[in-house]
Amino acid sequence: MFKGGVHLKDFKEISKNENIEGFPYPKKVVIPLSQHTGLPAKPVVKKGDIVSEGQVIGEANGFISSFIHSSISGKITGIENCLLPSGKKSLSVIIENNGEIKKNSPIYRDWLNLKPEEIINIVREAGIVGMGGAAFPTAVKLSIPPGKKAEIVLLNGCECEPYLTCDYRVLKESTFDVVEGLEIICKTVSVNKACIGIEKNKIDLLPLLKKSFENIKTDLKIDVKVLPEKYPQGSEKHLIKSITKREVPSGGLPIDVGCIVFNIQTALAIKKAVCEGQPLIERVLTVSGFIEKPKNLRVKIGTLISEILEYCTGKIENGKKCIIGGPMMGINIIDKELPVMKGTSGILILPEEKLTQTYQPCIRCGKCIEVCPMRIVPAEISRYAEVENWKVCNQLNVGDCIECGCCSYICPAKRPLVEWFKWAKAEIKKQIASG
Amino acid sequence: MEKIRWAPHIHSKETISTIMLSVIIALIPAGIVSVYFFGFYALKIIIVSITSCVLSEILAQFVFRKKIKIYDLSAIVTGILFAFVLPPKIPLFMVALGGFLSIFLVKELFGGIGFNIFNPALAGRAILLASFPVEMTEFYPPFYYKIDGITCATPLVIIKEKMSLSLPTLYQMFIGQRAGCLGETSVLCLLIGATFLLLRRIISWHIPISYILTVALLSFIFKQNILFHILAGGLILGAFFMATDYVTSPLTNKGKIIFGIGCGLITFLIRMKGGYPEGVCYAILFMNILTPLIDKYSLPRKFGGKR
């Protein structure tokens, strides 16, 4: 178990029992060419082109980049710079649905006969990225750097953010496929030990998972670890710590301690890409919070959030706000004409909080230090960040912050700690870049 | 115009006001008992102290053109704590003056809540003790107002001056039936309040326990009565309510333990060898100065950092 973290009311009962529902084909999609860590994809289509569902519209531009596919069939009405939920802009392909459903026929493959390089290539061309939020290209993760060795593959089924239930539903409804995806991953990185980490509130999945292990075709040994409900249990570093007791060194990667971590939906996407030749063009997300019809929806990438909200009859009244992602790390949006991306896990309608509209000076209560899972000293860093002294912020290890939000959550003075730390990190990066 | 809010989008309900309110609630039992033992005048002292602190805070924030932030209740906490460390028959103008100095000089001149170096209530007491040494050391026995009061030495003074007076029993000291400052005498009531704060996780055990254990251990080593030293003077009030003041004590648990041990050492040193019979006030003030230094050397090992 890791030190720190906070216990949150999970609000998962709102959408936990809603079956995954296929969202109807949207009228229009906006598909950003930069949905992942690394360089944006290079567009390979132009305005006026007719594309079919699953067709490549952007090619990976370098090693750390990803392929992008059209999620519907239709006509490209523009390739423009569009706003993303993060507030950044990205070149995006806008496709208008022409009412046809044209798909490439599936390619059935037996993964047991595929070499690791072939699997990595399939994953790369299917445009698969980490679907937990960071959207790191999965093919890069599967290519173990020389000199390193993976010992165990972890599947992250914690979903520790309140409200979100999409990973839970996927694991419940597609248990066999997810476990097969995990098997494919393990074969690719030649590891025969895997562990699925779930939080205690998903304990009902245990028999399902155990049953699915009977289907394992390789010599893989899978373990399920039921972890206490504590945010941020689903953080990669803390999941590794909880399961293997190893600490990823500061500035290092999980592979440095012999671990690789995958999200539930990423494993499913890998299985679909390898066994059926399906590129990553849809994902499951949770629509929850103060909304009339909470749902878990399978949505085409690029669908506009406004269209989804309309479908769930979610009006945003005064005093409510719309969040993309979870309540702890998600992004508040005002413009609803933004697209769903590969890393979008939820759309939430939450009440505005009066408490946080002003903040007070730090009273040094030390609660932020107690809850910080990275064991840095938010109270102290915030005092320097407030006066823009980035140098001391850096010395106090602000760079180790994972932006989980525990400190801001607990702070009795309601100081926007994480906001300052993000800013500090960006400024430090800028200074390093300029020498 | 809607404003974009930054993550996280949910927050705990705890605010500075709720924390301060809890501290006020925790201090109420000891306050009631002090009025019971030391009469209506004790209540007057508490009310004058709170009023003076609150008004001084408003004045300071007005003079320094800051937002008036009385609603954080911190001035009320200082007011109660300041009254608790005063003798039971102190003239009221001194109370008012002390309250003003605590807030204006010790707290607001250093930047207000979160920025003061010294515990305001204790620093206020230290200033008064230097300014009015006679009035600040005139103690009265419990129920003095009924028996036409004559001054009476506190248990620690009796020990220090090797007086031939009889000491109160340990039981009397536990419930608070002894001479002393208003709020410090009833250990029982202070412990009730402290338990409340510990359970609500407003304070942690680190400072009070390391503080009290240090005093106990030193009493044992130097062949003193351990229970007497824990119950006497302002140790319990100081350990649970003064030394745990967030602003002036270290941030980390490791630092808090160092802080507590330091307070214990100095308290015992003053009690045994100092010019004053009691050392809690100066021990905590002295350790307040060391807080930034302790903080600097007690940072936790970051996740994934070198062991």
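Helices (H or I, at least four residues) and strands (E, at least two) are taken as DSSP runs and numbered from the N terminus. The structure is a predicted model, in which local features need pLDDT of at least 70, side-chain atom pairs count only at pLDDT 80 or more, and totals for chains, interfaces and linings use all residues. Residues are numbered from 1 along each chain as its sequence is written, while chains are lettered from A and ligands numbered from 1 in the order in which they are written.

Two cis peptide bonds are described here. The bond from Tyr231(A) to Pro232(A) is cis, with omega near 0°, and Pro232(A) is located in the loop between strand 11 (221-227) and helix 6 (236-244) of chain A. In chain B, the bond from Ala7(B) to Pro8(B) is cis, with omega near -5°; Pro8(B) belongs to the segment before helix 1 of chain B.

Positive phi values were also examined. Arg364(A), although not a glycine, has a positive phi of about 60° and is situated in the loop between strand 17 (346-351) and helix 9 (367-371) of chain A. A residue is classed as buried if 20 or more other C-beta atoms lie within 10 Å of its own, as exposed if 12 or fewer do, and as partly exposed in between, with C-beta atoms placed from the backbone. Arg364(A) counts as buried because it has 23 C-beta neighbours inside 10 Å. Phe143(B), likewise not a glycine, has a positive phi of about 60° and occupies the loop between helix 5 (120-131) and helix 6 (155-160) of chain B. Phe143(B) has 13 other C-beta atoms within 10 Å and is therefore partly exposed.

An automatic or database domain assignment supplies the domain bounds. Chain A is divided into domain 1 (111-276) and domain 2 (363-433), whose centres, taken over C-alpha atoms, are separated by 30 Å. Residues are in contact if their C-beta atoms, placed from the backbone, lie within 7 Å. Five residues of domain 1 of chain A are in contact with five residues of domain 2 of chain A.

Helix 4 (residues 175-188) and helix 7 (residues 264-276) of chain A pack at an angle of about 80°, with their axes 7 Å apart. Axes are lines fitted to C-alpha atoms, for helices over the stretch in contact, and angles run from 0 to 180 degrees between N-to-C directions. Helix 4 of chain A is therefore roughly perpendicular to helix 7 of chain A, a class that spans 65 to 115 degrees, with angles under 35 counted as roughly parallel, over 145 as roughly antiparallel and the rest as oblique. Among the residues making this contact are Leu182(A) and Ile185(A) of helix 4 and Ala267(A) of helix 7 of chain A.

Phe262(A), in strand 12 (residues 259-263) of chain A, is buried because 26 other C-beta atoms lie within 10 Å. Not counting residues up to four places away in sequence, Phe262(A) touches Val153(A), Leu155(A), Asn156(A), Ile185(A) and Ala267(A).

A nonpolar core is a set of buried Ala, Val, Leu, Ile, Met, Phe, Trp, Tyr and Cys residues joined through C-beta atoms within 7 Å. The largest such core has 217 residues, and those with the most contacts inside it are Val153(A), Leu182(A), Leu122(B) and Ile284(B). Helix 1 (residues 16-38) of chain B provides the largest share of this core, ten residues.

Methods:
Two residues are in contact if their C-beta atoms, placed from the backbone, lie within 7 Å.
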